Amino acid sequence: MREIQYQKKGIALIYLAKKFFTLGVGDKIPTVDELCSETNTSRGTMQSALETLKDDQAITTISKGHMGTYLVDQDQDKLLNYLDDRNIVCAMPLPYTKYYEGLSTGFYKSFEDKKLNLNLAYVNGSVNRLNGLDGNRYDFIVTSGLTADYLIKNSDVDLITLFPQKTYVSEHVIVHKKDKNDFIYDGMSIGVDSNSIDYRLLTQEIVKNHNVKMIETPYNQIVQRIENGSIDAAIWNRDEVVEKNYPVSYGSIGSESIKKSSSAALLCKKGNTFIKEIVQKYVDINRIVDVQKKVISGKILPEY
């Protein structure tokens, strides 16, 4: 029984450490009853955990009677000692373009000199990143704004923040054989990598008025399959086509979905207020965009 009590107190301590880490000095603290409700913990266990943090001088609070209790001081280093580790893991696409190199560099610089460390995991395919988020391998993930909209409606995720247009990619385009002018036509075969929600959604949109054959095609085989004629076209990232000078032609797609798919978005598990608040606090969008532009232009070297 005593071991179970210690386990429950440990859970309460971790929860409180995260809660107080995100609170600012002067903020009102939730009542003990509210904290118990949020964690399904008894009043005795929660009260004991609060007293432990106070005795450790991790937090200092003051009661103002009917106005409630407020945070007077916090020691973030001591609060973090109650967590499993000080690392936050973010999953984003492989940095195979200047846009992604700039984005990862901006993320690293945002977490410089912070109490928590950022580890970046490079994983292609938004479905794969989502699976890692669901499996608690990642704390938050990077997707496009288009994919974020889809996942918010269909999965247990929350939007942390949305970046401006042309921060995830400059543009998604349709690629096809060199010097071929027909983009979409009845009877054609179009490749789609279903691990990318962007490619799946954009492909479905551009072919909705045509009778085409959709062929599952791994992302890294698109150019080869277009060249050998096994597919006629596919949605792809314009930045990679241009930077690597692939032997294909491409055409722009005019739609609101294309605009949404060019914005970077950060997602976390639904209800993970600690990660959501920490990332919102640490991630300076303007600074990241500025760093990204400098990496793209070559003014600074990428760091990842």
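**Note on the predicted model**

1. Lys54 and Glu51 sit 3 residues apart in helix H3 (residues 43-55), about one turn of the helix. Helices here are DSSP runs of H or I with at least four residues, strands are E runs of at least two, and both are numbered from the N terminus. The two side chains form a salt bridge at 3.8 Å, N to O. A salt bridge needs a side-chain nitrogen of Lys or Arg within 4 Å of a carboxyl oxygen of Asp or Glu. Lys54 counts as partly exposed because its relative accessibility is 31%. Glu51 is partly exposed too, with a relative accessible area of 33%. Buried means under 20% relative accessible area, exposed means over 50%, and partly exposed lies in between (1.4 Å probe, protein chains only).

2. Basis of the note. This is a predicted model, in which local features need pLDDT of at least 70 and side-chain atom pairs count only at pLDDT 80 or more, while totals for chains, interfaces and linings use all residues. Residues are numbered from 1 along each chain as its sequence is written, and side-chain values use heavy atoms, with hydrogens and water left out.

3. Overall build. The chain has 13 helices and 13 strands. Its C-alpha trace spans about 75 × 45 × 35 Å along the principal axes. Of its 304 residues, 47% count as buried. The accessible surface is about 15,100 Å², and carbon and sulfur atoms hold 45% of that. These areas come from the Shrake-Rupley method with a 1.4 Å probe; for residues, only the protein chains shown count as cover. Among contacts with a separation of 6 or more, 74% join residues 24 or more positions apart. Contact means heavy atoms within 4.5 Å.

4. Other salt bridges. The structure holds 12. One of them joins the side chains of Glu303 and Lys109 at 3.3 Å, N to O. This pair links distant parts of the chain: Glu303 lies in the segment after helix H13 (285-297), Lys109 lies in helix H5 (residues 98-110), and they are 194 residues apart. Glu303 is partly exposed at 40% relative accessibility. Lys109 is buried, with a relative accessible area of 17%.

5. Asp149 and Lys260 meet through their side chains at 3.1 Å, N to O. The pair links helix H7 (residues 145-154), which holds Asp149, to helix H11 (residues 256-261), which holds Lys260, across 111 residues. Asp149 is partly exposed at 30% relative accessibility. Lys260 is partly exposed as well, with a relative accessible area of 42%.

6. Nonpolar cores. The largest has 74 residues, and Phe20, Phe107, Phe140, Val175 and Leu266 touch the most other members. Helix H1 (residues 2-22) gives the largest share of this core, 6 residues. A second, separate core has 13 residues, including Leu130, Leu133, Leu151 and Leu267. A nonpolar core is a set of buried Ala, Val, Leu, Ile, Met, Phe, Trp, Tyr and Cys residues joined through side-chain atoms within 4.5 Å. In soluble globular proteins, nonpolar side chains tend to be buried together.

7. Phe107 up close. Leaving out residues up to four places away in sequence, Phe107 touches Met92, Leu118, Leu120, Val142, Phe163, Leu266 and Ile288.

8. A nonpolar patch on the surface. Ile152, Leu159 and Leu162 form it, with about 230 Å² of accessible area together. Patches are made of residues with over 30% relative accessible area and no salt bridge; like charges are joined within 9 Å, and nonpolar side chains (Val, Leu, Ile, Met, Phe, Trp, Tyr) within 5 Å. Leu162 belongs to strand E7 (residues 157-162). Leu162 counts as partly exposed because its relative accessibility is 46%.

9. Ser126. This residue lies in helix H6 (residues 126-134). Ser126 counts as buried, at 5% relative accessibility. Its side chain reaches the backbone nitrogen of Ile197 at 3.0 Å. Beyond residues up to four places away in sequence, Ser126 touches Thr143, Thr147, Asn195, Ser196 and Ile197.

10. Gly251. Strand E12 (residues 248-252) contains this residue. Gly251 counts as buried because its relative accessibility is 5%. Not counting residues up to four places away in sequence, Gly251 touches Val173, Ile174, His176 and Phe183.

Definitions and conventions. Polar contact = N/O pair within 3.5 Å; in protein donor to acceptor, adjacent residues only side chain to side chain.
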